[in-house]
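Please keep the sequence and the structure in view while you work through the topics below.

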Amino acid sequence: MAREIFTAEHEAFRDMVRAFIEKEIAPHHEQWEKDGIVSREVWLAAGRAGLLGIDMPEEYGGGGNTDYRYYVVLNEEFAKAGIHGPGFSVHNDINGGYLRSLATDEQKARWFPGYCSGEIITGIAMTEPAAGSDLQGIKSTAVKDGDHYVLNGSKTFISNGILSDLVIVVAKTDPSAGAHGVSLLVVERGMEGFSRGRNLDKVGMHAQDTAELFFDNVRVPKENLLGEEGQGFIYLMQNLARERLSIGVTAQAAAEAAFDMTVEYCKTREAFGRPIGKFQHNRFTLAEMKTEITVTRTFTDQCIVKESKGELSIEEAAMLKYWNTELVKKVVDRCLQLHGGYGYMMEYPIAKAYQDVRIQTIFGGTTEIMKEIIGRSII
Ligand SMILES: Cc1cc2nc3c(=O)[nH]c(=O)nc-3n(C[C@H](O)[C@H](O)[C@H](O)COP(=O)(O)OP(=O)(O)OC[C@H]3O[C@@H](n4cnc5c(N)ncnc54)[C@H](O)[C@@H]3O)c2cc1C
């Protein structure tokens, strides 16, 4: 059933995204999972199809359309198809927000055309080996030296870490100023002293590259400062809500997909002379999941509409992320159980989903941190 929050244009876009997945992604995804990385070609194909920078200005090759619901459609279709390889969401939903709102005209001219065409793949590097949830504890420093910042430090778990050509790095420009001493610097591929570590071996999302990054006296020109010096934390707070919403949107779609495939399985798999879905326990399990998913869908769509109007609060985004990602984890686990031994076989999509969704309660801020954000707004 078509959802009220979407128009005919969104649905036409959905058809286009499905066709893109079928043609450009599905035939390669298994190989990318083995490789631990996707091809650069799929990024270029996405650029040609208009899937990158939908909200970027048209003069730079973007779609010029700031309606967030297009990104929702993109994320939902990827989640439904179990596609985790191409890190388009990091590029579009997360990094695009920082670049669109903070880049100077000169930076826009330098980066946006490649960003929209897929020639410039982006990443964002906040997390460090010793600081994830506690971002104020980061150790990376960027010390001013004439027309440059000298950047030192290391980052880990960075999505698009191997492929990225442009990385927004969170570093301390004034370590004595606490939250007011953090800035965002754009580090580009090829800068001297910028290197990458391992493509990390993860529990799931095997087709996506997640890497360590190292900065050893990297001389970053002042022209690569994003926004104002010392305002990094404020920018993070402003943009993390969108990131959390997008993760929640993805989680909801993944839960729905897992549920749908499990209903089909319960209709066809038989035990004791009847389809397994006919046992009361299993019917109740399906009933509970359907109820939880349906109720959650209402809040998810409410948040999507609010974000489209620029009205979503940080607390609401945290609530959605907490709830939806915990829900998908539970749903996928119960769906796998209903598949019996076949659910544990990697040839079954539910097995892959079990691995792939596990991260969702962790990245973009853990469930515990979401509860802190929500709790602090209450008391
Ligand atoms: C696949 C993947 C992709 C990622 N992509 C990126 C990326 O592109 N860019 C980026 O910067 N980072 C990325 N991350 C990092 C991710 O955001 C962090 O892993 C996450 O924020 C948690 O930080 P941590 O791993 O340091 O855990 P920690 O902060 O060490 O937390 C460990 C545990 O302690 C709990 N905890 C911490 N503080 C509190 C508290 N105050 N109260 C209660 N419990 C608490 C946490 O909830 C968690 O359960 C990625 C991670 C993964 C695994």
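A residue is near a molecule if one of its heavy atoms lies within 4 Å of that molecule. The model shown here is a predicted one, and in it 17 residues surround the ligand, the closest being Met126, Thr127, Ser133, Thr366 and Glu368.

**The shell around the ligand**

- By residue type, the shell around the ligand is made up of nine nonpolar, six polar and two charged residues.
- Strand E1 (122-125), strand E3 (148-159) and helix H10 (367-378) each contribute at least two residues to the shell around the ligand, and E3 gives the most, with three residues.
- Seen by domain, at least three residues of the shell around the ligand come from domain 2 (123-230), and at least three come from domain 3 (234-378).

- Two backbones take part here: a backbone N or O atom of Ile124 lies 2.9 Å from a nitrogen atom of the ligand, and a polar backbone atom of Met126 is 2.8 Å from an oxygen atom of the ligand.
- Ser159 takes part through its side chain, with a polar side-chain atom that lies 2.8 Å from a nitrogen atom of the ligand.
- The ligand taken alone exposes 980 Å², and 65% of that area is buried by the protein.

**The largest nonpolar core**

- In soluble globular proteins, nonpolar side chains tend to be buried together.
- The largest nonpolar core in this model has 37 residues, of which Phe13, Phe20, Ile25, Val42, Trp43, Phe78 and Phe88 touch the most other members.
- Helices that each supply at least two residues of this core include H1 (8-35), H2 (40-49) and H3 (69-80), and also H6 (232-268), H7 (280-308) and H8 (314-338).
- This core draws at least three residues from domain 1 (8-120) and at least three from domain 3 (234-378).

**Two residues with a positive phi**

- Most residues other than glycine have a negative phi, and with that in mind the next two residues deserve a careful look.
- Met205, although it is not a glycine, has a positive phi of about 45°, and its place in the chain is the loop between strand E6 (194-199) and strand E7 (210-221).
- Is Met205 buried or exposed? Its relative accessible area is 10%, and because buried means under 20%, Met205 counts as buried.
- Phe272 is also a residue other than glycine with a positive phi, near 50°, and Phe272 sits in the loop between strand E9 (270-271) and strand E10 (274-275).
- The relative accessible area of Phe272 is 81%, and because exposed means over 50%, Phe272 counts as exposed.

**Two further loop residues**

- Tyr68 lies in the loop between H2 and H3, and with a relative accessible area of 1% Tyr68 is buried.
- Although Tyr68 and Ile304 are 236 residues apart along the chain, their C-alpha atoms are separated by 7.7 Å.
- Ala179 belongs to the loop between strand E4 (166-172) and strand E5 (182-188).
- Ala179 and Gly310 are 131 residues apart in sequence, and from C-alpha to C-alpha they are 25 Å apart in space.

Definitions and conventions: Residues are numbered from 1 along each chain as its sequence is written. This is a predicted model: local features need pLDDT of at least 70, side-chain atom pairs count only at pLDDT 80 or more; totals for chains, interfaces and linings use all residues. Side-chain values use heavy atoms; hydrogens and water are left out. A polar contact is a pair of N or O atoms within 3.5 Å; within protein, one must be able to donate a hydrogen and the other to accept it, and residues adjacent in sequence count only if both atoms are side-chain atoms. Accessible areas come from the Shrake-Rupley method with a 1.4 Å probe; for residues, only the protein chains shown count as cover. Helices (H or I, at least four residues) and strands (E, at least two) are DSSP runs, numbered from the N terminus. Ala, Val, Leu, Ile, Met, Phe, Trp, Tyr, Cys and Pro count as nonpolar, Asp, Glu, Lys and Arg as charged, and the others, Gly among them, as polar. Domain bounds come from an automatic or database domain assignment. A nonpolar core is a set of buried Ala, Val, Leu, Ile, Met, Phe, Trp, Tyr and Cys residues joined through side-chain atoms within 4.5 Å. Buried means under 20% relative accessible area, exposed over 50%, partly exposed in between (1.4 Å probe, protein chains only).
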